[in-house]
Amino acid sequence: MSSKSSSKVGLTFSLKLSLLYALFFVIASGGLFLVAYYVIDNLAEQREKEIVRDRIQEYRAWFEEGGVRALKARFDQQANPQGDIFFVRIVGPLNQVLFLKFPHGFEGLDPRRLKGMQPGKKDFWLSLEDASHKGAWTVGMASLPGGVTLQVGKSSARSRELLSYFRTVFLIFMIPILLLGVIGGSMVTFRAIKPIRSLIETVKSILKTGKMSLRVPVRKERGELDELVGLFNRMLDKNDSLIQAMHNSLDNVAHDLRTPMTRLRGVAEFALQDDNNREACREALGDCMEESERVLTMLNTLMDVAEAETGAMRLNRDLLSVSHVIQDVVDLYGIVAEEQDTKVVLKLDDNLMIWADRTRLQQVLANLLDNALKYSEKGGKVNIESAAKGPNVVITVTDEGVGIAENEIPRIWERLYRGDLSRSRRGLGLGLSFVKAIVEAHGGTVHVRSRLKEGSSFIVNLPRSEEKL
């Protein structure tokens, strides 16, 4: 049902997009035609006026030579009067017609429509339709000496025919243009939504086969849809890695829970074997409490890491002195350091302030210091420094312990991961993943520099506050 629905939706989208391309193509073609039509019409009109204006200047010169008689004589002297396409009309001050000349085959324009029209100070232009409405006349008027008005007109029939031919050609080509728009739109649409089709096919394959390793083919082009495909592949990679991490975490949890649960069972069975030995029962109950506490700590830490990574952890932020928080943690681990015969050296800036959750920040520092003491040799030294670096506070915990192999450094932040050298020490494998989650929940970062048998330095960067207590 869902497959048919998605196919129907895809087809509708493709059809709509093709029609949209075709519509845009037709509208663009129509717009270009209108612009071209307007330009040609305007150029033709300007050309007609220039021709009429030249004739007006010529006839005005003839009139100034000797009046209407000279003008009439000039017309009579023309070699091909039948080839002229102008009509000339001269009107006196009392609107009486002094001279009138029509071109050969003249028809359509009634000169009486020009009666009473005066040019004024500037030349006056008219465009008059002929009687058949198939042509027009461009009429120019100019004032002559003595209150005389010169009217010169030219037929615009050829210009009208050109524009009519232009319109006819456009209408004839509209159908091919529409078909071209539909075909071109379909081709562009088919190519444009190819990433979407590939994405749909990949999702169908994943749903059908359950193979999370399948990916959408990536094209060389760079566009929004190609970026969507890339992001989708990255999301699949992320989901795949999260699922794999979940499987690994479950395996690790099952493995780490098996030991304390087996120990709990063994201790309980041992205690039940001798009902009369109260001391053995008390000792067994103590061991059970210890193991159950270890399991509870593991589960709580896992939940805290998950909350921090998803942004669901609530932080009770206060303005804290970094040096005071570090000193409190160092004092708490004073006895452990003495037992390890390890010296903790502090180099702190007392002026550094941050907005943070005191309890969570202490947990971060406690985990780092606990690791430093755990993996240091007896008689060694652990350095803790705090300093300002730009807008951040940098806290560095450095030990002289066994160090971390280079190939293990990227994995030490994973939940329940324990390196080869750390398996000999008691631990849950959650400390560093917890540290990373809490630091990032505060908007900071944490990283490590380490070499085997030379020690490790864990560097925590947290946003610094300029406020004072």
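Mentor: Buried means under 20% relative accessible area, exposed means over 50%, and partly exposed lies in between, with a 1.4 Å probe and protein chains only. This is a predicted model, in which local features need pLDDT of at least 70, side-chain atom pairs count only at pLDDT 80 or more, and totals for chains, interfaces and linings use all residues. Residues are numbered from 1 along each chain as its sequence is written, and side-chain values use heavy atoms, with hydrogens and water left out.

Trainee: Why is E50 called partly exposed?

Mentor: The relative accessible area of E50 is 38%, so E50 counts as partly exposed.

Trainee: What makes the pair of D328 and R358 a salt bridge?

Mentor: A salt bridge is a side-chain nitrogen of Lys or Arg within 4 Å of a carboxyl oxygen of Asp or Glu. The closest N and O atoms of D328 and R358 are 3.8 Å apart, and the pair forms a salt bridge. D328 lies in helix α6 and R358 in helix α8, so the pair ties together parts that are 30 residues apart in sequence.

Trainee: Why are α6 and α8 called oblique to each other?

Mentor: Angles under 35 degrees count as roughly parallel, over 145 as roughly antiparallel, 65 to 115 as roughly perpendicular, and the rest as oblique. The axes of α6 (residues 322-332) and α8 (residues 358-374) cross at roughly 50°, and the two helices are therefore oblique.

Trainee: What makes K374 partly exposed, and with which residue does K374 form a salt bridge?

Mentor: K374 has 24% relative accessibility and therefore counts as partly exposed. The side chain of K374 meets that of D370 in a salt bridge, at 3.6 Å from N to O.

Notes. Axes fitted to C-alpha atoms, helices over the stretch in contact; angles between N-to-C directions. Helix = DSSP H or I, 4+ residues; strand = E, 2+ residues; numbered from the N terminus.
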